Amino acid sequence: MGPFLETLIGGLMSGMLYSLIALGFVLIFKASGVFNFAQGAMVLFAALAMARFAEWLPALTGLDGKLVVNALAFVGALAVMVVVAWLVERLALSRLVNQEGITLLMATLGIAYLLEGAGQMLFGNDIYKIDIGLPKDPMFLFEQTFEGGVLVSKEDLYAALIAAALVAGLSLFFQKTAIGRALRAVADDHQAAQSIGIPLSRIWVIVWSVAGFVALVAGMIWGSKLGVQFSLSLVALKALPVVILGGLTSVPGAIVGGLLIGVGEKLSEAYLGPALGGGIEYWFGYVLVLVVLLVRPQGLFGEKIIDRV
Amino acid sequence: MDTFPRLLLAHAAQRPDAPALREKAFGVWQTLPWAQLATLVQELALGLAAAGLRRGEHLVVVGENRPRLYASMLAAQSLGAVPVPLYQDAVAAEFVFPLNNAEIAFAVVEDQEQVDKLLELRELVPQLKRIWFDDPRGLRNYDETGLASLDELIEQGRAARVQRPDFFAAEVAAGRPDDVAALFFTSGTTGNPKGVIHTHASLIDRARAGQRFDKLTEREEVLAYLPPAWIGQNIFSFAQWLAVGYVVNCPESASTVSIDLKEVGPTYYFAPPRVFEGLLTTVMIRMEDAAAPKRWLFGRCMELARRVGTRLMDGQPVGLWDRLAYALGNVLIYGPLRNTLGFSRVRVAYTAGEAIGPDLFSFYRAIGINLKQLYGSTETAVFVCLQPDHEARADTVGVPITGVEIKLTDDGELLVRSPGLLKGYYKNEAATREALTADGWFHTGDAGFLTPGGHLKIIDRAKDVGRLSGGAFDGAMFAPKYVENKLKFFPHIKEAVCFGDRREKVCAFVNIDFEAVGNWAERRNLPYAGYTDLAGRAEVYELILDCVEKVNADLARDELLAGSQISRFLVLHKELDADDGELTRTRKVRRGAIAEKYGVLIAALYDGKGSQHIATQVKFEDGRTAMIAADLRIVEARTFPAVKAVAA
Amino acid sequence: MFYRENGQFKTSYAADSQILPIRQDRIGMALLLGVAFVVVPLLSSEYLLRAILIPFLILSLAALGLNVLVGYCGQISLGSGAFMAVGAYVAYNCQARVEGMPLIVALLAGGLGATVLGVAFGLPSLRIKGLYLAVATLAAQFFVDWACLRLKWVTNDSTSGSVGIAHLDVAGFSVESPAARYLLCLGFVVVFALATKNLVRGHIGRSWMAMRDMDVAAAVIGIRPMQAKLSAFAVSSFIIGVAGALWGFVHLGSWEPAAFGINRSFDLLFMVIIGGLGSISGAFFGAAFIVVLPLVLDKLPYWTGLPMDTATASHLALMIFGALIVFFLIKEPHGLARLWATAKEKLRLWPFPH
Amino acid sequence: MKKIGGVVLDVKNISLAFGGVKALTDISFDVREHEIRAIIGPNGAGKSSMLNCINGVYQPQQGSVTLRGKTYRGMSPRQVAEMGVARTFQNLALFKGMSVLDNIMTGRNLRMRRGLFWQALHLGPARREETEQRAHAERIIDFLEIQAHRKTPVGRLPYGLQKRVDLGRALAMEPSLLLLDEPMAGMNVEEKQDMCRFILDVNDEFGTTIVLIEHDMGVVMDISDRVVVLDYGRKIGDGAPDEVRSSEDVVRAYLGVSQ
C-alpha cells in the first residue's frame, strides 16, 4: 500500500507542475487561438533570467538577504517576460492575424528557437541554480497508518502547493475579474472582444505576459529542483499531452489532465516499467493522449468542432 | 496545279503527313495533316453534292477561322461551286443583300450565333434552303428545316462516297483555272456591297508572285485570326497556304489570340496597322508599371534601337560600337520583347489597308521585326506593290511586283493591270465597266504618285481628293484621308473626319482613343464619367488642339497640301462605329453617311459657332439602342503659311 | 529574359503536361544533372562531399518526404525524426540479421518499415485535425525514441545502444569512397524526386492538395479522406524512412538513437517551411539552407575577424533559424521555392513587370 | 421545349439541429427529372443546410432523402457523389493552391483508378488515364469559356470567374443532379447573365437536373421551373414561380424583407 501511495502522491505533485505549464498553453490558446510551442522556451528564458539576476544583483548592488534578492530577481525576470510578450505580439502575432492554426503553431516554433538562442546568448549556457530556500529534506506521512509511512519530498510538496495556489489564483482571475472575463470573451469570439472595447493587441500582450509569469514560476520551481539549464525548455514537451488531454480550451481540463498524466506516468513507470525496460514516462503521456483522442477528438473537456460549408 | 482543289490534292500526295492546319482546341494544338484534310474535303464535297450544290452555284461561309470552314470552301471549289465568305461580325441585316445578290441556297456557318442570324432572315432570303453548322453548342433543340451539323454532312458524304467512289476526282478534274474561285463582297463605303469575282488563276498567280517576292517556303507558320471574309486574310491563310503549302494555325478563341500568337510564333505575319498600334499601346502601358531602373533601361534601349535598329533593318552601314550596343540591347530588351509579343520567329511581316504612322512603323523595325507595307485591294488580289527587305518606308507602299503594271491618270488616279485583277463585279455590269477599262486596266480609285526611288506613294481616295474654293488657299488641293491619317498617328486620336472640298477652309471631327486618353487622364488624376464626358473635357481639347497644330505645321511644309491645314475642329461625343453605319467593317470612315448624320455639326463648324448641341442614337451589339446627347465645343486651331519648297 | 517560347506549342496532352514544358528549362535541368553526376564527383574535395553534399542530399530527401505530408496534404507532422529512425534501424536489422542482404534492398526495407509506422500513426488523422494531430505525431517521436533506446532487439542487442555499419557495397561495387557515397545518395534523391513529382501532378497528388485546401469540398466531389490522407502518410514516411536509412548507413556509418531525436523533426519541418511548402524544389532549397547556414556561421568570425566561440555561433544559428521561420511565415508562406518561381516568372515576362 | 420527367430526388420530413439550435424543421419537397428547382428564402432560412443534408455533409436527425429510388440516411458525401450528385458552394470552396485545370480535374477523381505505383512512374496506364480525363476536363473549360485562364491559379481569378470554375469542377463529375448554392451571389449584372446562360445550357445540353439556391428573385423566377420557399428552417411555399410569388406567406417572409 505504502509504495503505491508514494507514487500516487509523487504523481499528483509532478502533475501539479504539468498543470501549471499546461495552463500557460491554455491561456494563450483561449485568447489568441495560438498553440504556443514556445512555452517551454519561455520557461527556460524566464528561469535563466531569474537565476542570473539573482546572481548579479548582490555583485552589483552589494545587497544580500536571499528573500530580497530573489524577490527583485523575480520582478526583474517578470519585467523581461512582459517585454518578450510585447515583442512577440508586435513582431509576430499582429502580422499573422487570422492565419491557420498550423501556421501559428510553426511560428511559435520559430519563436521558441529565437528565445532559446537569445536566452543562452544573453544569460549564458551553463547550469545555474535558483535557491528559493525550498527544504531539501524529505518527510514522512501516515506513519501511524502503516509502518514505514509514505515518504514525500518536502520540496516537491511545496512546489506543488505553489503551483496549486497559482492555478487556483489564475482560475479565479479568469472567472471573477473584468479583464479575465474580457479575455474569455476574446476566446469565444473576436467581435465580442472589440465590443468590450479592449484592443485585441493589448489583450494578447496581457495574455502572453500572464503566460510569461506562469512560465517564470514554473521555471523557478523546476530550476530550484534540477538547476537551470537548456533541458528546462523540454518540460513543455511533457506538458503538451496534458493540454491536449484536457482539451486545448479548458482551464479545468488543464488541471485534471495534468494530474491524470502525472499520476499515470508515475504509476505506469512503477508497475509496467520493469516489464518494458523502463523509461515509460517518457512516452506514456503521449500514447495516453493518442488513445483518448481516438475516442474524443476534441480532448476530455474541449468543445466539439463543427465545420460549416 | 492550277486550281485550289488540285493544289490540295498535290500536297496530300507529296506530303501526306505534313501538317496543313492546326487549331488550338481543348488546350492543345490539334493538327490536321494534308492527307486527312483532303479526305475531309472530299467527304464534305460529296455531302454538299448530295445536298444539291451544283457547279457554278454559291456556298456562303460565315465564321471565325476554323479548319472545317476552310475545308468547306475547298469542298465547294472541288465541285466547281463558289465559296462566298461573309464577315462573321456583321449584323443580320447586312447579310440580306449578299445572300440575295448571289442567290445563296447553301450556307456553312460556325455556331449558334451565325445560325440565329440566318434563321432571322428566312423570309427575306427564301431561297436559302440548307444551313450546316460547325459547333453544335446550344443548337440541340433547334428543329428548323434544312438545319444540320457539319458532322451529319460529312456522314452523308461518306455514304455518297460508297456509291460514287470516283465522283470527287472527276469533279476536281473538271475544274478549270479560269473558273470562279471565290466571291468577295467589298463593304463599299457607299451603297450596296459589290461581289468581287476572282478566278483560281488570278488568286493563285498573285499568291505565287508574293511567294517568290519573299521566298516563302512550306516551313512558314501563319496565324489566321482576321475575318476570313476579308481578302487579306483569305490570301494569306487560304490562297498562299495552298500555293506554298505552309501551316495555318487557328486560335482557340477571340479571347486567347495573344496567347496563341505567343505559342505559335508565326514566321509570316500579316496585320492591319490598328493591330500593330494596339500592341504598341499595350507595350507602353505595361512598361508604365515597370520599376524605374527597368523603365530607364527600356528607354535607353529603345532610343538606341530607333537610331541603330532601323538602319540595320534597312541594311545601311552601322559603326562597330553601335552594332555591339545593339547586340546587347537585343539580349536585354528587343529579344525578350519580340518573345513576349510573339514575334521571335517572324521572318516577314506585312501591314496594309491603312496608312501606318512613322513612329509605329519604325518601332517594330527598330526592335528587329521585318515589318513591311504592301499595296493592294480586294479587286487586285492584294499583291500589287510590296516593299522589298531593306526598303521599307512608312510613307510609301513599295514597288510593283512581277506581273503588275501601274500608271497614273492626269488627275492622279492610280491604274493597275495584272493577272490578279478581278473578273468583274457579280451581276453589276455598270460597276464592272466603270472599274475595268477595255484594255484591262483597273481603276483603283486611289490617288498617288511614284517617288524617284520607284516606290508608290498613296495620298488618298481619288474621289475624295478635292479642292478648296475661296479663302486663303483658294483652289489648293485637299486630301482628307491624308490629313486624317496624320491626325490618327497620334496615340490619343482614334479617328478623324475632315471636310473642306469646295469650301474656303478645312474643318474636322476628331474621335479620341478612349484607352489612351483614359490612361492619360488617370495619370493626371483627372476624373471623368465615361467616353462622352472625357471627350468634352477642356484638358482633352487642349491635348487634341496640340496634335492638330502639329499636323498643320507639318502640312504647311508640303507645298502641295499646305491648304489642307485644319482651322476648326470638334471632338465627337461618341465613338464612330460600324454598327451605327459610320465605319465600314474594315473600319474605313463612311464620309457620306457621317456628313448627313452630323450635318448640324458641320454647319456649326463653318458658321463660326462656339458650340453645338447634338443627340445621337447608338446601337449595341445585342440590338438595343440608346440616345447620347451633348453640347460639343468647337475650337480654332492655328494654321501656318505654306513653306515654299526652297531647295527642292 | 532568356526565354524564347515562341514556337514551343504543344500538340498533345502528354507534351503539355510534361514536368518542364519550356525548352530552356529542360536545358537548364540537363546541365544541372550533368554537373551533379559528373563534374561534382570529379572535382569536389572529400570534405565538401562528406560534410556538405551528402548531408544536403539526404536531408533534401527527408524534407521531400515531409513536404508530401505537410506541404501537399496539409497534415502537420512533428515526428519525422522517428520515421527516419525506424528507417535506419529496420535497414540496420535487415543487414545485421539477414545474411547477404543487398544494400539497396535493406534501405528500401527501411522505407517500408517507416511506412508501416507512418500509416499506423496516420490513422488518427482521420479523426484528429491540425494541432491535435501535431501532438499525435509527437507521440510517434517519443515512442520511437524510447524504443530505440530501451528495446534491446531494436539495436540487435548492441551493448552501448549504438549501432554501426561494417561496409557498404552495391552489386559488388564498394561504396566506401565519398564520391561513391555521394553518387548513391544522388541516385536515390533523383529517383524519388521524380517519382514524387509524378505523384503530385497526378490524381493522387490532386486529392492530397484538395484535402489540404478545402477538405469538405474534396469530400463532396468524391475524394475519400481516408485514402488521401493515408496515402500521403505512407508515401511521406516511406521516403523519410529511406532518407533515415541513408543517413545512418551512408552519412553517419554508426549512430545512436539521439541522431534521430525531436530536434531532427523540427529541423526537417523548418527546411520545409523555409524551402517552400508544397513544392519539390522547396525541399532542396530548405535542406541547402539548413546545411549551409551553420557552416557560414562557423566561418563568420574567421571572415569578419570578430571573435565568436562555437557556443555563441550555435545560439546565433538558433536565433537566425527562429527569426527566419517567423519571417517566412509572415512574408512568404511558400518559402524560397516561391521566390525562385516568381523570379522565373519575371524572367519569362521580361521586360514587362507582370 | 424540354420535357420534365418523374421524381428523381424526394426529401421527406428533414429536421436538422446543431446542439439544440434548429436549422431545419420537417422539410419535404421533391425534384423532377430535368427540371430546375429553386430553393429561396431570407438569410439564415436554412437553405445551405438543406443542400448539406442532401449531399451527406450533414446528417439530419430526422427524415430521409430518396435519390432515384434509393433512400439513404447517414451516407457519406463520397457515396452521394458516386450516385451522381455534384454541388457548388456559396462562399467559394475552390482548391486555392491549384490551377483552374487542376481544380476541374479533381472533379474527375472519382473516375481515376490508377494506383500509387503507376502514378509514380507516370507511364502507361496512368498516363493514358490522365490524358483521357484531361480531354474531358478540357471540354468543360471550353463549355464555360475559360480557356484563357486554364493554367492560372484560381486564387488570382476575379470572383465571377472563380464561381465559374466552381461550377466547372462540379460539372466535371458529369452529375445527373447538380446542387448550386447561390451561384450568382455577389456578381454584377453581366456576370449574372453569363451564369444564367451556363445554368440553362447545362440543363438542356447535358439534361442535368438542377437544384438551385438563389437570392435574386428576378433570376429565380426567370430560370426555375418550380420554387421552394424556406423561412427560419420551415417550408412556407412550394410551386411554380408565379404561384409562389403570389402567396402572402412568401411575400411577407421574403419579398417583404427585400422591398
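**Figure 1. Helix α10 of chain A.** At 1.5 Å a residue, the 21 residues of helix α10 (residues 251-271) of chain A should span 30 Å, and the end C-alpha atoms are 30 Å apart, which agrees. The expected span is 1.5 Å times one less than the number of residues in the helix. This is a predicted model, in which local features need pLDDT of at least 70, side-chain atom pairs count only at pLDDT 80 or more, and totals for chains, interfaces and linings use all residues. Residues are numbered from 1 along each chain as its sequence is written, while chains are lettered from A and ligands numbered from 1 in the order in which they are written. Of the 21 residues of α10(A), 15 are buried, so this helix is largely enclosed by the rest of the structure. A residue is buried if 20 or more other C-beta atoms lie within 10 Å of its own, exposed if 12 or fewer, and partly exposed in between; C-beta atoms are placed from the backbone.

**Figure 2. Chain A as a whole.** Chain A has twelve helices and two strands. Helices (H or I, at least four residues) and strands (E, at least two) are DSSP runs, numbered from the N terminus. The order from the N terminus is α-α-α-α-β-β-α-α-α-α-α-α-α-α. Of the 309 residues in this chain, 50% are buried. Among contacts in chain A with a separation of 6 or more, 75% join residues 24 or more positions apart. Two residues are in contact if their C-beta atoms, placed from the backbone, lie within 7 Å.

**Figure 3. Chain C as a whole.** Chain C holds 13 helices and four strands. Its radius of gyration is 21 Å, close to the 20 Å that the globule rule gives for 354 residues, so chain C is as compact as a globular protein of that length. The radius is taken over C-alpha atoms, and the rule is 2.2 Å times the number of residues to the power 0.38. The C-alpha trace of chain C spans about 65 × 55 × 45 Å along its principal axes. Buried residues are 51% of the 354 in chain C.

**Figure 4. Where chain C meets chain A.** Five pairs of chains are in contact, and chains A and C share the most contacts. Chain C gives 36 residues and chain A gives 40 residues. On the chain C side, α6 (130-150), α10 (262-275) and α12 (310-331) each supply at least two residues. By class, the side of chain C that touches chain A has 30 nonpolar, four polar and two charged residues. Ala, Val, Leu, Ile, Met, Phe, Trp, Tyr, Cys and Pro count as nonpolar, Asp, Glu, Lys and Arg as charged, and the others, Gly among them, as polar. By contrast, no contact joins chain A and chain B; their closest C-alpha atoms lie 27 Å apart.

**Figure 5. The two domains of chain D.** Chain D is divided into domain 1 (7-84 + 175-258) and domain 2 (97-160). These bounds come from an automatic or database domain assignment. The C-alpha centres of the two domains of chain D lie 29 Å apart. Six residues from domain 1 and four residues from domain 2 make the contact. On the domain 1 side, α2 (77-82) and α7 (189-205) of chain D give two or more residues. That side of domain 1 has three nonpolar, one polar and two charged residues.

**Figure 6. Confidence in chain D.** The mean pLDDT of chain D is 88, and 97% of its residues reach 70 or more. pLDDT is the predictor's confidence in each residue, from 0 to 100. Where pLDDT is low, the predicted coordinates should not be read in detail.

**Figure 7. Around D:I36.** D:I36 sits in strand β3 (residues 36-40) of chain D. With 25 C-beta neighbours inside 10 Å, D:I36 counts as buried. Leaving out residues up to four places away in sequence, D:I36 touches D:N203, D:I210, D:L212, D:I223, D:S224 and D:D225. D:L178 is 142 residues away along the chain, yet the C-alpha atoms of D:I36 and D:L178 are separated by 9.5 Å.

Figure 8. Most residues other than glycine have a negative phi, and most peptide bonds are trans. The peptide bond from C:W350 to C:P351 is cis, with omega near 5 degrees. C:P351 belongs to the segment after α13 (335-349) of chain C. B:H390 has a positive phi, near 70 degrees. B:H390 lies in the loop between β15 (385-386) and β16 (399-400) of chain B. With 12 C-beta neighbours inside 10 Å, B:H390 counts as exposed.
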